[in-house]
Amino acid sequence: MSNDNNKTNEEVSNSAKAPTEEGSSMNNIDALSQYLKSATGSREGRAIPPLDKWHPEDIADMDLVIKANGEWWHEGGQMTRESLVNLFATILWKEENNGVTEYFLKTPVQKIRIQVEDAPLLINDVGIVHEDNVSWLEFTTTTGDVVRLDDEHRITLQAYNPKDNDPAALADHSLEVKHNNLENESLNENADRSKNVATDEPVRPYMLVRNGLTALIGRNTFYHLAEIGELTERNGETILTLQSGGQAYSLSMPTN
C-alpha cells in the first residue's frame, strides 16, 4: 500500500509560494494559518506537501509546544481548533542537528522551530481493514494521518522519561507496558493481579508515520491492539504478536 499522506500533486509545490513581502515572517500563528490555507487550495483531501523538496534558509521560533499527551499549546494556551492543528500537522518536520532532535513547521520560505515533549503525533484509533484478501492493521492519528503496520512502519517500545518529571505528564496518554498491565481481566481472566509489580521505568509504544515523524500509540488504542493480537509467554517475557499484510510482528515486554 502506498501511504496516502505522502501523495501530492505537482500543483502542491506550485501553489505553496512565498509571501509577497520579501523577508516577511510566518512565526505568527495567524499569519502562518492564513498562508497555509491559501497554499493548500489545490490539494486533494489532506495531502502532505513535498517538505523534503523545500530548503528554506530562514529559521524563526514560535512559542508552540506539542505536549506529551498530544495536545498543542500556543503561548501558554491550548489550541482547541482541530482544523488548525490538523493543518499545522501537515507541515511538521524533524531534523537531527549535532545529536539534538529539533522539530519545525516547515514552509518553502521558512522553518519555524517548535517544542515537542515526546512524539509529535498521537495515534488514537486502530482497526482491521481487508484488501485483496489480505488483512492489515490500520492506525489513525488525532491529526488525520492513516498508516498501516508494515516493514516501513513498525511499532517499537521505548522508555519514556518526562523532562520535567511531571507525574501528570507521565500518566496522561501513557502506556506503562508492563507484564502486570497487559495481564488484566480484559486480556486474561485468570491473571494474578498481585504478581509482577512493575518497578522499572514506564515504556511507551511508538510507530513511524512519515518523514521520520513518530506517533505515540495511546493507552486505550494499545489495549485494543493487545486484544486484536496474540499474547504469549517466552523466557520470562510477554510477547505480543500482531498480524498485518500477511506478516507477523512481535513486541517483547520484559516482566522483571
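In the hairpin of strand 1 and strand 2, 5 residues lie between the strands, and Gly70 there takes a positive phi near 95°. Helices (H or I, at least four residues) and strands (E, at least two) are DSSP runs, numbered from the N terminus. The model is a predicted one: local features need pLDDT of at least 70, side-chain atom pairs count only at pLDDT 80 or more, and totals for chains, interfaces and linings use all residues. Residues are numbered from 1 along each chain as its sequence is written, and side-chain values use heavy atoms, with hydrogens and water left out.

Strands of a sheet pair through backbone hydrogen bonds, either parallel or antiparallel. Here two strands count as paired if DSSP finds at least two bridges between them. The pairings of strand 1 (residues 59-66) are set out below.

| Partner of strand 1 | Sense | Bridges |
|---|---|---|
| Strand 6 (residues 111-116) | parallel | 5 bridges |
| Strand 2 (residues 72-74) | antiparallel | 3 bridges |

On the strand 6 side, Ile59 has Lys111 as its bridge partner, and Asp61 stands opposite Arg113. On the strand 2 side, Ile66 stands opposite Trp72.

These strands belong to an open sheet of 6 strands with mixed pairing and the order 3-2-1-6-5-4. Strand 3 (77-78) and strand 4 (92-97) are at the edges; each has a single partner strand, so one side of each is left without a neighbour in the sheet. Helix 3 (residues 82-89) packs on the sheet and touches strand 1, strand 2, strand 4 and strand 5 (100-106), where contact means heavy atoms within 4.5 Å. The direction of helix 3 makes about 95° with that of strand 2, with axes fitted as lines to C-alpha atoms, for helices over the stretch in contact, and angles running from 0 to 180 degrees between N-to-C directions.

A nonpolar core is a set of buried Ala, Val, Leu, Ile, Met, Phe, Trp, Tyr and Cys residues joined through side-chain atoms within 4.5 Å. Buried means under 20% relative accessible area, exposed over 50%, and partly exposed in between (1.4 Å probe, protein chains only). The largest core has 45 residues, and Leu64, Trp72 and Phe88 are among those with the most contacts inside it. Helix 3 gives the most to this core, with 5 residues. The contacts of Leu64 include Trp72, Phe88, Leu105 and Ile114.

Ala248 is found in strand 15 (residues 247-254). At 49% relative accessibility, Ala248 counts as partly exposed. Ala248 touches Thr241, Leu242 and Gln243, leaving aside residues up to four places away in sequence.
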